[in-house]
Amino acid sequence: MQIIDGKKVSAEVKERVRQQTLQLKNDYNITPGLAVVIVGDDPASRVYVNNKKKACEVVGFKSEEYALPAKTTQEELLDLVKTLNTKEDINGILVQLPLPKHLDDKAVIEAIDPKKDVDAFHAVNVGKIMLGEYDFLPCTPAGVMEMLHSYDIPVEGKECVVIGRSNIVGKPMGMLLLHENGTVTICHSRTKNLAEVCRRADILVAAVGIPKFVKADMVKDGAVVIDVGMDRDENGKLCGDVDFENVKDKCSFITPVPGGVGPMTISTLMKNTLKACKLQNN
Ligand code: GUN
């Protein structure tokens, strides 16, 4: 069994982005800029936003944080997004989800200029991903693919099972695995015989948001297990969707939480922001 080191792979990706950023600065005096919008005071969102800002510093981007109070109105948030759409020194706009309940996240995502949509959540970018003709890849699924590549784990012809069908992870994850010629099954809360379906997987991706949901009897011997979860166990400790201690010995590869997929999400965001900057200055 080998543990996939997301921190290490992420650091390698960020180093490549840093080098290219330096070159952009030297050749054209351009610095990529990312605007991060956070509404309210969700502690998990605060941690993610801080990590994204930190990554910007590491790779040499400019980052701007817009921290809005929980009572922000839809109109105020849309106004901010529209302003950021027109700001020339901002190449990427990220509105941290989830938003407070009174806000309509779909409308906010659709208000972002698709060229600055570094999360790849806008319908235009989602459509391009479906067609395989994208500018930006969704951060978490692309981070997973980068890990598989980094450890030379082939996808072609493999049984790939994704647990979870969210727009952010499950659905695009299935699509990226399909693009690399995996045989993809997406499972969800209504799936019958879930354990049996999961046991078919050569590559099992857990993105359900339930702590330690994937048990040893759901995993085939020698499977690659990718844990997208960021959950809290019964003691409030950070854990994933996979019961790591009981599953790990069955796997050929497994990602830990923390230190697995999480850092990869952020390094893909850096790649997307650099790409946005290059496309906007073309
Ligand atoms: N909330 C959880 N994951 C993400 C993400 O990748 N992007 C944004 N904007 N919000 C999130």
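**Contacts at an annotated site and the surrounding fold**

Beyond its neighbours within four places in sequence, G164 is in contact with V169, G170, H188, A207 and V208. Two residues are taken to be in contact if their C-beta atoms, placed from the backbone, lie within 7 Å. The model is predicted: local features need pLDDT of at least 70, side-chain atom pairs count only at pLDDT 80 or more, and totals for chains, interfaces and linings use all residues. Residues are numbered from 1 along each chain as its sequence is written.

G164 belongs to an annotated set. UniProt lists G164, R165 and S166 under "binding site", in an unreviewed entry. UniProt positions follow the numbering used here, feature names are shortened, and annotations may be inferred rather than shown by experiment. G164 sits in the loop between β5 (159-163) and α7 (170-179). Helices (H or I, at least four residues) and strands (E, at least two) are DSSP runs, numbered from the N terminus. G164 counts as buried because it has 24 C-beta neighbours inside 10 Å. The cut-offs are 20 or more other C-beta atoms within 10 Å of the residue's own for buried, 12 or fewer for exposed, and in between for partly exposed, with C-beta atoms placed from the backbone.

R165 also lies in the loop between β5 and α7. R165 has 18 other C-beta atoms within 10 Å, so it is partly exposed. Not counting residues up to four places away in sequence, R165 touches G170, K171, I186 and H188.

Of its 10 residues, 7 are buried, so α7 is largely enclosed by the rest of the structure. The buried residues in α7 are G170, P172, M173, G174, M175, L176 and L177. They pack against α5 (123-131), α6, β5, β6 (183-187) and β7 (203-206). N181 follows α7 and has a positive phi, near 70 degrees.

Around the ligand are L94, V95, Q96, L97, D119, C139, T140, I168 and T265. Two or more shell residues come from each of β4 (92-95) and α6 (139-150). A residue is near a molecule or strand if its C-beta atom, placed from the backbone, lies within 6 Å of it. By class, the shell holds 5 nonpolar, 3 polar and 1 charged residues. Here Ala, Val, Leu, Ile, Met, Phe, Trp, Tyr, Cys and Pro count as nonpolar, Asp, Glu, Lys and Arg as charged, and the others, Gly among them, as polar.

The protein chain is divided into domain 1 (29-113) and domain 2 (139-262). These bounds come from an automatic or database domain assignment. Each domain gives at least three residues to the shell around the ligand. The domain centres, taken over C-alpha atoms, are 28 Å apart. In an unreviewed entry, UniProt places "domain: Tetrahydrofolate dehydrogenase/cyclohydrolase NAD(P)-binding" at residues 138-280. Over residues 138-280 the chain is 36% helix and 19% strand, with 19 Å between the end C-alpha atoms.

The protein chain has 10 helices and 11 strands. Its C-alpha atoms fill a box of roughly 50 × 45 × 35 Å along the principal axes. The radius of gyration is 19 Å, which agrees with the value near 19 Å for a compact globule of 282 residues. That radius is taken over C-alpha atoms, and the globule rule is 2.2 Å times the number of residues to the power 0.38. Of the 282 residues, 44% count as buried. Among contacts with a separation of 6 or more, 69% join residues 24 or more positions apart.
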